[in-house]
Amino acid sequence: MARQENKPKVRRSLQTRLAIGYAAIIAALLILLNTYPLITTQNLMFRSQQTALQNQAALVTNSLTTADELTPETVEQTITPLEDLDVQRVLITDEAGLVLYDTGENSQVGKYALTREVVSALRGSDAFASEYQDGVFSSRAASPIMTRNTVVGAVCLYEADSSQGVLLNEIQNNLRLISLVVCLAVLALFTAFSRMLTRRVSMLLAGIRRVREGEYTHRVSLDGQDELGQLADEFNQLTGRLQTTEEERRRFVSDASHELKTPLASIRLLTDSILQDENIDRETTLEFVGDIGEAADRLIHISQELLALNRLDEGRAILREPVEVNREAEKTCRMLAPLAEEAQVTLEKNLGPDCAARCSREDVDQIFRNLMENAIKYNVPGGKVIVTTAREGDQIRLEVADTGVGIPREDMDRIFERFYRVDKARSRAAGGTGLGLSIVRDTVRSHGGQISVAPREEGGTVFTVYLPVWKEEAP
Ligand code: ADP
């Protein structure tokens with residue numbers, strides 16, 4: 001298999017995506033900032049121009065309404081007194097659009113001025129148009145001149161205003177300056193932020209790579225309590241668990257090899273003794289072969305227990321059936337009676353009614369056998385083992401108590417660990433492997449139960465197991 005590259009290629013980095021996202025948002029904001037205020041100001045200016053021009057147009061049309069007939073002379077006479085007209089050009093036509101009066105540079109008097117605004121005014125409605133170009137607002141307003149409800153002419157006023165254009169230009173320049181400052185500030189902020197983000201993500205990635213290479217003691221230290229900080233915390237916890245699992249695995253391998261080494265070494269020693277001593281008598285040979293057989297039994301026992309643990313680790317298919325635990329307790333007592341007798345230990349039973357557990361018969365046997373064997377092995381001559389069963393709500397309680405040597409408090413938390421023994425010599429002498437209780441704990445847990453251990457007040461130890469009760473409707 002090709003070796004995995006150390007640094008996988010990042011097709012489109014987080015940083016690039018963020019940069020594109022930010023750039024799009026900022027561009028949209030800047031376009032808005034550079035258009036909306038300008039358009040609004042322009043509209044306001046158009047409107048104020050419109051009001052001003054239309055007011056003045058109304059003034060002119062009102063004064064002309066009283067004139068008997070519109071001729072260049074009558075118009076001139078009427079308009080001249082209106083000195084306070086503040087417009088660039090005044091143009092007045094008759095009802096046909098013929099110019100009667102014009103203050104423009106190229107006077108149109110005597111010609112027809114049928115602009116859109118004039119035509120609209122001659123049809124009886126006010127008209128206004130304005131445009132902004134090169135800093136100048138050019139506006140036109142036209143109104144009809146009415147006499148006895150009839151249109152007799154039109155007034156069209158022109159105005160070109162550059163002062164407002166200057167104002168608009170200033171606003172535009174200011175907005176450009178603000179945009180530039182915003183762009184630079186965002187760029188600086190983004191660079192700083194993305195550098196910080198990249199640095200922290202790189203630290204996290206470097207940490208992951210080191211742990212991947214097997215450095216389970218490595219921890220990532222990221223400051224801050226944000227999402228990346230939390231990710232680093234979670235990663236550290238995960239690495240901690242990996243470290244524990246790895247340490248457990250190493251300890252297990254070393255303990256297992258150690259356990260296997262002892263019987264193998266004695267087999268080697270015994271066979272060497274038989275083979276190398278030419279004058280060895282038959283009796284000694286038989287004794288040595290018997291010892292070899294015992295060592296082989298021990299190896300078989302250890303490998304059986306290791307296989308049992310392995311099956312539990314692999315999550316074997318669990319059989320769930322109604323198990324009358326009292327029947328299994330009686331059976332185990334019968335089986336272990338010779339061992340108890342040999343150890344001068346009395347077996348007592350205290351079995352309650354209605355004790356069907358949701359478990360498998362074989363596993364209940366395994367639990368009772370391991371716990372009771374221990375209770376006999378680690379007992380004293382004349383001692384007792386008391387087996388109790390009881391139904392407690394939705395659970396069945398199995399209890400194995402003894403009056404034996406007891407377990408020191410500091411060892412109680414560890415006796416369920418694989419290969420852990422309190423009194424190594426006594427355990428080995430009794431054929432123990434240090435695996436029995438781990439098998440019991442894993443079996444109980446695989447059925448959704450719990451196991452605990454406590455010292456007995458009167459001396460000795462009590463192991464308590466809870467298994468779920470069998471219910472017909474249970475799947
Ligand atoms: P072993 O095969 O050595 O008995 P176990 O896993 O069954 O292994 O038990 C682990 C250790 O716990 C034993 O070595 C023993 O020191 C201690 N232990 C177990 N049960 C008892 C008990 N009833 N009384 C005292 N010590 C016990």
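Author: An oxygen atom of the ligand is 2.9 Å from an N or O atom in the side chain of tyrosine 378, a polar contact being a pair of N or O atoms within 3.5 Å. This is a predicted model, in which local features need pLDDT of at least 70 and side-chain atom pairs pLDDT 80 or more, while totals for chains, interfaces and linings use all residues. Residues are numbered from 1 along each chain as its sequence is written, and side-chain values use heavy atoms, without hydrogens and water.

The side chain of lysine 377 has an N or O atom 3.2 Å from a ligand oxygen. Of the 530 Å² that the ligand exposes when taken alone, the protein buries 97% (Shrake-Rupley method, 1.4 Å probe).

The shell around the ligand holds 21 residues, and those that come nearest are Asn374, Tyr378, Ser427, Thr433 and Leu437 (near: a heavy atom within 4 Å). By type, the shell divides into 9 nonpolar, 8 polar and 4 charged residues, with Gly counted as polar and Tyr as nonpolar. Two or more shell residues come from each of α8 (361-377), α11 (436-446) and β12 (461-468) (DSSP runs of at least four residues for helices and at least two for strands). The most, 3 residues, come from α8.

The ligand takes up the space of the largest pocket (more than half of its atoms lie within 2 Å of the grid points). A pocket is an open set of points on a 1 Å grid where a 1.4 Å probe fits, with protein on both sides within 12 Å along at least five of seven lines; lining residues have an atom within 4 Å of a point. The volume of this pocket is about 1100 Å³. Its lining has 46 residues, and Asn370, Glu373, Asn374, Lys377 and Gly436 lie nearest the centre. Here too α8 gives the most, with 11 residues.

Technical notes
Polar contact = N/O pair within 3.5 Å; in protein donor to acceptor, adjacent residues only side chain to side chain. Points joined across faces, edges and corners; volume = space filled by probe spheres on them.
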